[in-house]
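Here's a quick briefing for anyone opening this model for the first time.

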Amino acid sequence: MLTPYAAHFDTPAGYLDFARFGPPSRDVVTATTRAMEESARADHTTVDGLMRADGVARDTAARLAGADAEHTVLLPNASTGLFHAALGVREGVVLAPRTDFPANHYPWRRTAELGRATPRWIDPAPGGGVTADLVRSALTDDVVAVSVSAVDFRTGFRVDLAALREAIGPHRLLIVDAIQAFGVAEMAWDAADVVVAGGQKWLRAGWATGFATLSGRALEALEPVLTGWTGVEGAGVFDGAEHSPAPDARRWSITHLSPVTAAAFAAALGLVERYGVAAIEDAIATRVAELTDVVERFGGRVLSPADPARRAGVLSFAMPEHDPALVAKALHAEGVTPTVRGDSLRLSPHASTPPEASERLAAALSSLTA
């Protein structure tokens with residue numbers, strides 16, 4: 001447990017579902033409350049004052065991604081960014097894993113229906129993930145982009161983004177959904193042309209928060225199909241004319257986002273920057289290793305990669321001869337919160353998760369084997 005970081009949270013010891021939702025810190029709650037209270041006492045300075053949180057959140061997200069503010073835009077969620085990216089690809093084939101979370105499928109299905117980019121689904125080996133060799137074997141001359149999740153939502157398989165960049169070359173776009181990795185895994189974000197992430201999971205910022213970074217290549221290649229009135233040059237000039245899209249990442253802006261959620265996002269990102277992604281990642285890896293030992297001790301079958309270097313944050317497992325719903329019931333009785341699937345369970349601790357979580361897991365699995 002990263003004790004100074006953990007001191008900002010009130011999350012129960014047995015909460016192990018950060019890959020689904022990350023309970024926010026007291027800092028985030030305070031920032032949200034303060035913004036709402038200020039909005040309730042609005043005067044001529046209120047709106048402009050609250051809107052400053054947008055710039056703070058954008059600047060911090062950019063630093064954590066190794067980018068700058070001109071190449072970064074706040075979004076209400078990861079899906080919005082994925083649709084921006086998908087609709088921006090005018091034509092050609094986009095490689096995407098069939099095993100990815102559905103949020104990564106539907107944007108490409110819609111582009112195909114509109115006669116724009118066409119998805120070609122690739123199939124990682126069972127129990128594996130997207131590798132440079134898999135992508136390289138699927139490349140053809142008509143492939144213009146590759147879309148992947150940085151970390152697989154089922155198993156925690158970590159994609160080697162630098163190797164993917166090398167495999168696809170400098171002229172194809174690499175589009176990355178970073179929601180299961182950003183802020184808790186050090187990765188080569190600069191290898192990607194588009195990085196999108198929502199803030200409600202590992203970043204612990206609450207819902208309706210997120211961002212995207214766009215490389216210069218992405219700004220040049222992607223058509224700004226969804227640009228709204230806040231994403232154009234001269235956005236404050238209301239002259240009835242159509243304005244050109246902004247030259248930077250602002251072109252992905254559709255309208256003003258909530259300054260309340262921007263304040264929450266800024267507070268959450270600030271905590272990550274303060275304590276460091278490397279320290280957070282190390283603390284999570286330690287807890288995952290402890291949980292893995294418990295699962296294996298009680299006969300569980302681990303579905304996540306065995307090599308710690310190829311996984312991030314997620315431990316998926318099954319208990320042979322035990323229905324996942326019944327395993328979940330035993331976990332709930334010990335105050336443990338997992339993600340429950342039809343064929344498995346997923347545990348995802350954070351840097352604030354104490355060693356007590358492993359003791360609770362052991363007690364639950366012990367009751368099953370007994």
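The largest nonpolar core in this predicted model has 94 residues. Within that core, Leu95, Val135, Phe182 and Trp189 have the most contacts. Helix α9 gives the most to this core, with 12 residues, and the core draws at least three residues from each of domain 1 (3-16 + 277-369) and domain 2 (28-275).

**More on the cores**

- There's also a second, separate core, and this one has 23 residues.
- Ala86, Ala145, Leu219 and Ala249 are among the residues of that second core.
- As general background, nonpolar side chains tend to be buried together in soluble globular proteins.
- What does Trp189 touch, once its neighbours within four places in sequence are left aside? Its contacts are Leu64, Ala65, Ala150, Leu161, Val176, Ala178, Ala181, Phe182 and Val195.
- One of those partners, Phe182, is listed with Trp189 among the residues with the most contacts inside the largest core.

**Empty space inside**

- To find gaps like these, you roll a probe the size of a water molecule over the atoms and see where empty space is left.
- How many cavities of 30 Å³ or more are there? The count comes to 2.
- The largest cavity has a volume of about 50 Å³.
- Its lining is made up of Leu74, Leu75, Ala208, Thr209, Gly210, Leu257, Ser258, Thr261, Ala262 and Phe265.
- By class, that lining splits into 6 nonpolar and 4 polar residues, with no charged ones.
- Helix α9 (residues 259-275) gives the most to the lining of the largest cavity, with 3 residues.
- The second largest cavity comes in at about 30 Å³.
- Around the second largest cavity you'll find Tyr5, Phe9, Ser25, Val28, Leu203, Arg204, Ala268, Leu271 and Val272.
- Sorted by class, the lining of this second cavity has 7 nonpolar residues, 1 polar and 1 charged.
- Helix α9 turns up here too, supplying the largest share of the second cavity's lining with 3 residues.

**Two residues with positive phi**

- Ala208 isn't a glycine, yet its phi is positive, near 65 degrees.
- You'll find Ala208 in the loop between β6 (194-198) and β7 (210-214), and it is also part of the lining of the largest cavity.
- Ala208 counts as partly exposed because its relative accessibility is 41%.
- Glu321 isn't a glycine either, and its phi is positive at about 70 degrees.
- Look for Glu321 in the loop between β9 (315-318) and α11 (324-333).
- Is Glu321 buried or exposed? It has 82% relative accessibility, so Glu321 counts as exposed.

**A buried glycine**

- Gly14 sits in the loop between α1 (3-6) and α2 (26-40).
- Why does Gly14 count as buried? Its relative accessibility is 1%, and buried means under 20%, so Gly14 falls in that class.
- Leaving aside neighbours within four places in sequence, Gly14 is in contact with Gly335, Val336, Thr337 and Arg360.
- Gly14 and Asp193 are 179 residues apart in sequence, and their C-alpha atoms are 37 Å apart in space.

How values were computed. Residues numbered from 1 in each chain as written. Predicted model: local features only at pLDDT ≥ 70, side-chain atom pairs only at ≥ 80, totals over all residues. Heavy atoms only, no water. 1 Å grid on protein atoms, 1.4 Å probe; cavity = no way out; pocket = protein on both sides within 12 Å on 5 of 7 lines; lining within 4 Å. Points joined across faces, edges and corners; volume = space filled by probe spheres on them. Helix = DSSP H or I, 4+ residues; strand = E, 2+ residues; numbered from the N terminus. Nonpolar A, V, L, I, M, F, W, Y, C, P; charged D, E, K, R; others polar. Buried < 20%, exposed > 50% of the residue type's maximum accessible area, 1.4 Å probe, protein only. Core = buried A, V, L, I, M, F, W, Y, C linked by side-chain atoms within 4.5 Å. Domains from an automatic or database assignment. Contact = heavy atoms within 4.5 Å.
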